[in-house]
Structures are given as structure tokens and as C-alpha cells.
Amino acid sequence: TRAEIDDALRLREILEVGAARMAANRTLTAPEREVLWARMTDVRGAEPEDYRRLDSRLHLAIAEAAGSPSLVPLLAENRMRLNGLLDQIPLLPRNIAHSDEQHEAIVLAILAGDCEGAAAAMRAHVEGSASLLHGFLD
């Protein structure tokens with residue numbers, strides 16, 4: 001239902017925008033920085049059948065970089081809900097390319113320590129997914 005979609009999307013915005021902001025606010029270790037970059041690179045080169053899994057891995061890496069272990073399972077549960085919804089809509093090359101650009105903006109802002117930039121980039125990213133879901137499922 002629309003209410004269920006909206007609930008999952010609101011929770012996603014709260015969790016993921018906050019995670020991006022907190023990750024950018026931390027001084028990340030070299031391995032944490034490498035993981036973020038590797039996860040972004042993995043999803044960028046993903047085949048369609050692997051895209052959602054690798055996309056989720058990137059978002060979970062951002063949650064891990066936020067430095068709050070309690071956040072990761074909450075985000076993982078929400079990602080499962082969202083993936084169930086996203087699996088009902090087509091993976092369009094244009095949307096994937098846009099998502100890849102947004103992922104890069106998010107990761108670069110986190111790595112630069114730009115809290116507001118990371119939060120804004122993540123907010124734009126989750127709003128884009130929300131628009132797609134509403135466009136296809138409403």
C-alpha cells in the first residue's frame with residue numbers, strides 16, 4: 001500500500017541521511033575509506049542481476065562508517081523492505097547511471113568530511129528512489 005511504501009521511505013531517509021552525515025563527521029581509517037570506495041566501484045560496475053545486492057552493500061558500508069553498530073541492522077532491515085519494493089520495478093539504464101553519479105557524490109562528500117554535502121547528496125538519492133517507487137507502484 002502507499003502507506004507501507006511511505007513508511008519504508010521515511011525510515012530510509014532518517015537512517016541513511018543520518019548515516020551519511022555521521023560518516024562524514026568521523027575521521028575514517030584508511031581501511032574504512034577503502035571499503036567505501038570499493039563498494040561504490042563494485043555497484044558502478046554491477047551487472048543488472050547483481051545491482052541491488054551491491055547497492056545494498058554500499059549503503060551498509062556507509063552505515064558502518066557512521067560508527068554506530070546499532071545502526072547497521074536497522075538499515076539492513078529497511079534495505080530488505082525497500083529491495084522487495086524495488087524488485088517490482090524495472091532497472092532502467094538511465095536510472096542506474098543517475099544512481100551511480102549520486103553514489104559517487106555521497107562517497108566523495110563522506111571522504112572529504114563534508115557532513116552537509118553528504119547528507120544533501122544522500123537525501124537527493126533517497127528522494128529519487130521514492131519518486132521511482134511512487135511512479136511505478138502507486
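How do the residues of the lining of the largest pocket divide into nonpolar, polar and charged? This report takes up that question for a predicted model, then turns to a helix contact and the salt bridges.

## Largest pocket

The lining divides into 8 nonpolar, 8 polar and 4 charged residues. In total, 20 residues line the largest pocket, and its volume is about 280 Å³. Nearest the centre of the pocket lie Asn95, Ser99, His125, Ser129 and Leu132.

Four helices each supply at least two residues of this lining: α3 (48–65), α4 (71–86), α5 (93–112) and α6 (115–137). The largest share comes from α5, with 6 residues.

## Crossing of α1 and α5

Helix α5 also meets α1, which spans residues 2–25. The axes of these two helices come within 7 Å and cross at roughly 35 degrees. The crossing is right-handed.

On the α1 side, the contact is made by Ala20, Ala23 and Ala24; on the α5 side, by Ile106, Ala109 and Ile110. By class, the contact has 6 nonpolar residues and no polar or charged ones.

## Salt bridges

Side chains of opposite charge can pair when their charged atoms come close. Over the whole structure, a search finds 12 salt bridges.

One of the residues in a salt bridge is Arg2, whose partner is Asp6. The closest N and O atoms of this pair are 3.5 Å apart. Both residues belong to helix α1, where Arg2 and Asp6 are separated by 4 residues, about one turn of the helix.

Key:
Residues numbered from 1 in each chain as written. Predicted model: local features only at pLDDT ≥ 70, side-chain atom pairs only at ≥ 80, totals over all residues. Heavy atoms only, no water. 1 Å grid on protein atoms, 1.4 Å probe; cavity = no way out; pocket = protein on both sides within 12 Å on 5 of 7 lines; lining within 4 Å. Points joined across faces, edges and corners; volume = space filled by probe spheres on them. Nonpolar A, V, L, I, M, F, W, Y, C, P; charged D, E, K, R; others polar. Axes fitted to C-alpha atoms, helices over the stretch in contact; angles between N-to-C directions. Left-handed = near helix turned anticlockwise from the far one by under 90°. Contact = heavy atoms within 4.5 Å. Salt bridge = Lys/Arg side-chain N within 4 Å of Asp/Glu carboxyl O.
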